[in-house]
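This report describes selected local features of a single model.

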Amino acid sequence: MTQPASLAKRLATLSESATLALNARVKQMAAEGRTIYNLTAGELAGETPGYIQKAVAQKLNQNKYTPAAGLPELRSAIAESARKFYGLDWIQAENVVVTSSTKPALYACLLSLIDPGDEVILPTPVWTTYNQLIGLVGGKVVEVPMTEDFDLDVPAIMAKVSKRTKVIVLNSPNNPTGTVFTAAALHDLRDLLLVTNITKVTVIIDDIYSKLVYEDDFTLVPACGFENMIISNGFSKSQAITGWRIGYLIAPEPITKAVTGLLSHITGNASLPSQHAALAALARGDKPPAATMALLKKQRQLVCQALDAIPKIKYKKPSGAFYVFLDIRALTDNSLKWCEDLLNQTGVAVVPGEAFDAPGFARLTFVADEATLLKALVLIKKFVEKA
Ligand code: PLP
């Protein structure tokens, strides 16, 4: 075989998704016969909801390209649903681009906005795909730690806003912390960005977990009225169809046009059966099935109760998504090794905080069945007590 060409310099900082890689490794260990309690997943455990399966089955005869921005009826349905959900009248079909999940949506959005050297502020802990995509488009990541209880540290963010700042990314409910940003912090940030004359900042809101919320007093970030905002959302998490790759971006029209142009060459339209899946979800109010929410609430409770019996692990009860972010700083100064030892000695897999630029922590997903969760937490307790 001839020597492969050297890779482009822009890939120098790229690394594979740490969570996907760990999940694959853990599944491989299970396939090799080890008893594994896999609490690393970033997706719901159940099957595709029946209403989606039925709706898509009826459309399998359809096989042609759709417009790059998605089926017109789907763009309209997303716009209508978002107008109601966020109370934002400006959202019309032209403001929606249907995408092959939120990952290409975010990538095309950053490609459209970021020039080399432009800065993007990321509150940390952070879902590291943002860092990777920003690196790919030549932007500079500026990380700003959240407060101790995982709220936005608004003064710290504003201290980093400079002429070079182009974007702030907000994700609430948040991966990996499971927490939501408070209305007070969001409104402060909105107000301060409105009056700053340093630069015009676009807030990219990753709203992928906004349908998976357990508290009533949750503030939707898009409803806070940021002057320049783009909303990224999708059906992966709330409809348990992560593998179907269907999402969307909501933005001012110049941006949806730019993103559509880019994606018309990169992915073309999002998969047609998945667009029909999205239509089926929207026809039912675009909510997760009630049984899914009830189960998640129960599992969240169960995990929190079990964690309360391990005083050396601290955590903040998650308000949304399906993650608990374990503070293991009292147990180790190397969370990567702690997670590795936990996996090797007990078969319990959690994601080290390093994957989210938050060493000293570990992310536990509570989508597994009750028996698995209970057993895993007993093993974690024993592991902690033995140390
Ligand atoms: N945004 C966040 C915060 C996520 O945690 C994930 C998946 O883990 C995504 C976006 C990606 O979702 P999608 O399946 O739409 O690409």
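## Helix packing

In this predicted model, helix α3 crosses helix α9 in the left-handed sense, meaning that the near helix is turned anticlockwise from the far one by less than a right angle. Helices α3 (residues 72–86) and α9 (residues 272–283) pack at about 35°, and their axes lie 10 Å apart. Axes are lines fitted to C-alpha atoms over the stretch in contact, with angles from 0 to 180 degrees between N-to-C directions. Helices are DSSP runs of H or I with at least four residues, strands are runs of E with at least two, and both are numbered from the N terminus.

On α3, the contact (heavy atoms within 4.5 Å) involves Glu-73, Leu-74, Ala-77, Ile-78 and Ser-81; α9 contributes Gln-275, Ala-278, Leu-279 and Leu-282.

## Thr-40

Thr-40 lies in the loop between β1 (37–38) and α2 (50–57). Thr-40 counts as buried because its relative accessibility is 1%, the limit being under 20% with a 1.4 Å probe and protein chains only. Beyond four places in sequence, its contacts include Leu-22, Val-351 and Arg-363.

## Pro-352

Pro-352 belongs to strand β11 (residues 351–352) and, at 11% relative accessibility, is also classed as buried. Leaving out residues up to four places away in sequence, Pro-352 touches Leu-22, Ser-335, Leu-336, Cys-339, Phe-361 and Ala-362.

## Basis of the values

Residues are numbered from 1 along each chain as its sequence is written, and side-chain values use heavy atoms, without hydrogens or water. Local features of this predicted model need pLDDT of at least 70 and side-chain atom pairs 80 or more, whereas totals for chains, interfaces and linings use all residues.

Key
Buried < 20%, exposed > 50% of the residue type's maximum accessible area, 1.4 Å probe, protein only.
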